[in-house]
Amino acid sequence: MQLSNRLENLQPPATIAMTQKAREYKAQGKDVISLSIGEPDFDTPDFIKEAAKKAIDENYSHYPPVAGFPELKEAIIRKFKRDNNFEYKPSQIVVSTGAKQSIYNTFQCILSDGDEVIIPTPYWVTYADIVEISGGKPVFVQTTVESKFKASVEMLEKAISPKTKALIFSSPNNPSGCVYSKEELHEIAKFAQKHDLIIVSDEIYEHIVYGEKMTSIASFPEAYDRTVTINGLSKAFAMTGWRIGYIGAPEKIAKACDTLQSQVTSGANSIAQRAAITALDADLSEIQYMIDAFEKRRSLMMKWVEEIEVFKMPEPEGAFYIFPDVSATFGKTYKGKLVQNADDLSMLILDEAYVSTVSGSAFGMDNCLRISYAASEEQLNEAMRRIKELLA
Ligand code: PMP
């Protein structure tokens with residue numbers, strides 16, 4: 001049986017593959033510490049769960065409007081105004097089944113075959129695959145530890161071709177935790193305007209920042225009319241399983257995403273949408289306890305990074321990952337196993353220390369390793385102790 005040639009190169013994300021292998025070890029009774037997955041270890045806050053229970057009792061059991069309940073769109077508009085300093089109309093908002101689907105919808109709607117999309121590395125695993133499934137071609141821009149994993153306009157300029165259609169990045173960044181400054185984003189906004197690019201700005205980690213509040217690129221006049229702002233409730237509200245994401249976008253793109261979605265999912269889960277209204281309207285102080293915990297864990301992880309000689313990295317400013325350069329381990333042998341690249345190292349750490357991580361190759365940077373710190377301090381300390389011992 002021949003499957004579609006569109007899917008020839010499609011693989012499950014490495015994050016999911018690694019999580020699966022860790023599960024197998026767990027099933028064998030091994031004490032596995034899972035630091036490979038990109039989700040908060042917190043449960044959804046009670047006030048959001050209560051809103052969902054109420055929605056069930058109020059019989060929100062019918063098909064919702066394809067692009068989202070009007071009340072949810074209004075809550076999203078209030079959120080954009082409150083946190084990001086720009087305004088959208090309801091016709092510019094589309095609610096989907098997670099930010100992942102929002103990104104998928106966007107690229108399906110904006111790309112024609114052969115269009116190029118600039119993706120600074122390291123990037124979230126799924127971007128390149130979605131671009132390819134949508135007929136586009138990812139064009140990677142390599143950043144470095146020295147550039148704090150950020151792409152400058154000089155680096156981006158080199159990737160421009162007559163076929164460049166769009167640019168996608170996340171800030172705060174998964175996997176590196178870097179956060180672009182206001183000035184850096186303004187330069188990128190001007191760059192996008194100069195080359196007439198669509199900007200896809202993935203802001204899912206927006207609230208998980210440890211310094212200054214992040215800036216949304218659509219807040220710059222040069223960017224507003226050409227930016228699709230991606231966001232969702234998975235990370236800051238600990239709602240990964242509820243599957244709610246959304247875009248704010250130029251009307252033409254939002255309308256196309258609405259039409260596409262009407263033929264694919266008919267819209268996001270109605271109960272989760274009602275709960276999302278309560279979440280988005282809540283004062284941000286309601287979720288601060290999770291961000292405080294992540295910040296504390298970040299300090300703890302940085303202490304370990306200092307102790308593990310073969311790990312080199314700048315301090316992350318957002319999200320909940322460390323992303324050390326581990327190239328100092330390449331060519332060395334640990335427990336009789338030769339490490340030649342980050343894939344080998346990630347597998348070694350799982351096989352010998354029972355800690356799951358993700359090789360940087362999954363994010364387009366094969367000299368690095370992603371370790372999530374969305375786990376308890378006790379688990380983090382134990383995991384890092386095992387890694388330190390293994391790599392000593
Ligand atoms: N963007 C980034 C950068 C992410 O890390 C993730 C989740 N790992 C997503 C988007 C997708 O989020 P959602 O759960 O809303 O689909």
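Into which domains is the protein chain divided? There are two entries to keep in mind: domain 1 (5-43 + 287-391) and domain 2 (46-282), with bounds that come from an automatic or database domain assignment. Before we walk through them, note that this is a predicted model, in which local features need pLDDT of at least 70, side-chain atom pairs count only at pLDDT 80 or more, and totals for chains, interfaces and linings use all residues. Residue numbers start from 1 along each chain as its sequence is written.

Across the boundary, 35 residues of domain 1 are in contact with 32 residues of domain 2, where contact asks for C-beta atoms, placed from the backbone, that lie within 7 Å. On the domain 1 side, the elements that give two or more residues are α1 (14-27) and α11, and α11 provides the largest share, 5 residues. Helices here are DSSP runs of H or I with at least four residues, strands are runs of E with at least two, and both are numbered from the N terminus.

Helix α11 (residues 288-307) also holds Y289. Is Y289 buried or exposed? Y289 counts as exposed because it has 11 C-beta neighbours inside 10 Å; the scale calls a residue exposed at 12 or fewer other C-beta atoms within 10 Å of its own, buried at 20 or more, and partly exposed in between, with C-beta atoms placed from the backbone. From Y289 to A166 the C-alpha distance is 36 Å, and the two are 123 residues apart in sequence.

The largest nonpolar core has 119 residues, and A276 and Y373 have the most contacts inside it. Such a core is a set of buried Ala, Val, Leu, Ile, Met, Phe, Trp, Tyr and Cys residues joined through C-beta atoms within 7 Å. Domain 1 and domain 2 both give residues to this core, so it lies between them. Leaving out residues up to four places away in sequence, A276 touches L72, L233 and I244.

Next comes an open sheet of 7 strands with mixed pairing, in the order β2-β8-β7-β6-β5-β3-β4; two strands pair if DSSP finds at least two bridges between them. The edges belong to β2 (93-96) and β4 (137-142), each with a single partner strand, so one side of each is left without a neighbour in the sheet. On average, neighbouring strands of this sheet are turned by 20° against each other, direction ignored, using axes that are lines fitted to C-alpha atoms, for helices over the stretch in contact, with angles from 0 to 180 degrees between N-to-C directions.

Helix α3 (residues 70-84) lies across β2 and β8 (245-248), at about 115° to β2.

Finally, look at helix α4, where 10 of its 12 residues are buried, among them I103, Y104 and F107.

Methods
Two residues are in contact if their C-beta atoms, placed from the backbone, lie within 7 Å.
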